[in-house]
Amino acid sequence: SDMSLSVENRIRSDATYLITGGLGGLGIVLAKWLIAKGVKHLVLTGRKSGNLNLLQQPEFNEVDITYE
């Protein structure tokens, strides 16, 4: 079976997803991918505060994002 289809079918818009390293390059790419799949709730964590201005991008406007 196709692995990407099985992962995409398990993503739920009503769930909350935790991304460690959430404001790093890969974390932002993953957050945008999840948002494109319909996710509405993200928690981003990391050791560094990163660039919080990234969260002002249009992709993030309709998403509830918590950063710790």
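**Note on the predicted model**

1. Among contacts (heavy atoms within 4.5 Å) between residues at least 6 apart in sequence, 53% join residues that are at least 24 apart. This is a predicted model, in which local features need pLDDT of at least 70 and side-chain atom pairs count only at pLDDT 80 or more, while totals for chains, interfaces and linings use all residues. Residues are numbered from 1 along each chain as its sequence is written, and side-chain values use heavy atoms, with hydrogens and water left out.

2. The protein contains two helices and three strands, which follow the pattern α-β-α-β-β along the sequence; here helices (H or I, at least four residues) and strands (E, at least two) are DSSP runs, numbered from the N terminus.

3. The three strands form an open sheet in the order β1-β2-β3, with parallel pairing, where two strands pair if DSSP finds at least two bridges between them. At the edges stand β1 (16-20) and β3 (64-67), each of which pairs on one side only.

4. Strand β1 is joined by five bridges to β2 (residues 41-45), and the two run parallel; Tyr17 stands opposite Leu42 in β2.

5. Leu30 has its place in helix α2 (residues 25-36). With a relative accessible area of 37%, Leu30 is partly exposed, a class that lies between buried (under 20%) and exposed (over 50%), judged with a 1.4 Å probe and protein chains only. Although Leu30 and Ile19 are eleven residues apart in sequence, they are 8.0 Å apart in space, C-alpha to C-alpha.

6. Of the 68 residues of the protein, 26% count as buried.
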